[in-house]
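Try each task by yourself, then follow the worked solution step by step.

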Amino acid sequence: MDTAVSEPRANLPVAEPGATFKQVLKVDAVLFIGIIFLALLGVGITNYRVDNAYSYWSYMLVFLALMTTAWGSWRSKKLGLLKGGKLLYQQAILWGAALVAVAVIYRLLEAGRINVDTTGLLVLLMLTFATFVDGMLVSWKLYVVGALLLLTLLMAAYVGQFLWIILLAAVVLIALVLLFVVWKIRSYSND
């Protein structure tokens, strides 16, 4: 019979589960808005500063890869969902393939196989797909970002001169997501 007394644990502050969930929701909302803003900025750059578009999309892809990977690791640790190594591997494959796709699209432009307008649309399509797939790995909010990017792509393809309509759609979608987050935080607080 073991009669040893276990040592008392150190009195470390422990985050209350509700506080952790609220914190995750708030960070999710901020990152969601940031991704939407960067994507819309990219559409504007592609439409008005074609010579800078490749650099912008390349840097944005690397930034999104790093940001969503860090975000996913942080969320999974906070919520106890998934081991970080597997997520890191999946993110590296996903965003590495996206970066290769952007490079191939711009090589097609240099070879004269596609024009500048088509290049911007293809890059946006690739980013839409990568963001949507990343929703499976990180957060459902990336599904919404992917849907907005697809809407942006379709609007840019058919009504390119009406960029303000795209901006209005983005603002409405951001407002809806923020309302959902606030509602979720309040309903979680009432439980």
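**Exercise 1. Work out whether R107 and E110 form a salt bridge, and where the pair sits.**

Solution. Keep in mind that this is a predicted model.
- Step 1: Check the distance. The rule asks for a side-chain nitrogen of Lys or Arg within 4 Å of a carboxyl oxygen of Asp or Glu. Between R107 and E110, the N to O distance is 3.0 Å, so their side chains do meet in a salt bridge.
- Step 2: See how open each one is. R107 has a relative accessible area of 43%, which makes it partly exposed, while E110 is exposed at 61%.
- Step 3: Count. The rule gives 1 salt bridge in total.

As a general idea, side chains of opposite charge can pair when their charged atoms come close.

**Exercise 2. Describe the overall build of the protein by listing its helices and strands.**

Solution. 
- Step 1: Tally the elements. There are 6 helices and 0 strands.
- Step 2: Read them off from the N terminus, and you get α-α-α-α-α-α.
- Step 3: Look at burial. The protein has 191 residues, and 38% of them count as buried.

**Exercise 3. Find the residues of the nonpolar surface patch and say which helix gives the most to it.**

Solution. 
- Step 1: Name the members. L125, L150, L154 and Y158 make a nonpolar surface patch of about 420 Å².
- Step 2: Pick the main contributor. That's helix 5 (residues 141-158), which gives 3 residues.
- Step 3: L150 is found in helix 5 and is partly exposed at 37% relative accessibility. L154 is in helix 5 too, and its relative accessible area of 43% also puts it in the partly exposed class. A patch residue needs over 30% relative accessible area, so L150 at 37% passes that cut-off, and so does L154 at 43%.
- Step 4: Relate L154 to L125. They are 29 residues apart along the chain, and their C-alpha atoms are separated by 9.4 Å.

**Exercise 4. Count the cavities and describe the lining of the second largest cavity.**

Solution. 
- Step 1: Count. There are 2 cavities of 30 Å³ or more.
- Step 2: Give the volume of the second largest cavity, which is about 30 Å³.
- Step 3: List its lining: I35, L64, T68, W95, T131, D134 and L142.
- Step 4: Sort the lining by class. You'll get 4 nonpolar, 2 polar and 1 charged residues.
- Step 5: Trace the helices. Helix 2 (50-79) and helix 4 (116-137) each supply at least two residues of this lining.

Technical notes:
Residues are numbered from 1 along each chain as its sequence is written. This is a predicted model: local features need pLDDT of at least 70, side-chain atom pairs count only at pLDDT 80 or more; totals for chains, interfaces and linings use all residues. Side-chain values use heavy atoms; hydrogens and water are left out. Buried means under 20% relative accessible area, exposed over 50%, partly exposed in between (1.4 Å probe, protein chains only). Patches are made of residues with over 30% relative accessible area and no salt bridge: like charges are joined within 9 Å, nonpolar side chains (Val, Leu, Ile, Met, Phe, Trp, Tyr) within 5 Å. Accessible areas come from the Shrake-Rupley method with a 1.4 Å probe; for residues, only the protein chains shown count as cover. Helices (H or I, at least four residues) and strands (E, at least two) are DSSP runs, numbered from the N terminus. On a 1 Å grid over the protein atoms alone, a cavity is a set of points where a 1.4 Å probe fits but cannot get out, and a pocket is an open set with protein on both sides within 12 Å along at least five of seven lines; lining residues have an atom within 4 Å of a point. Grid points are joined across faces, edges and corners, and a volume is the space filled by probe spheres set on the points. Ala, Val, Leu, Ile, Met, Phe, Trp, Tyr, Cys and Pro count as nonpolar, Asp, Glu, Lys and Arg as charged, and the others, Gly among them, as polar.
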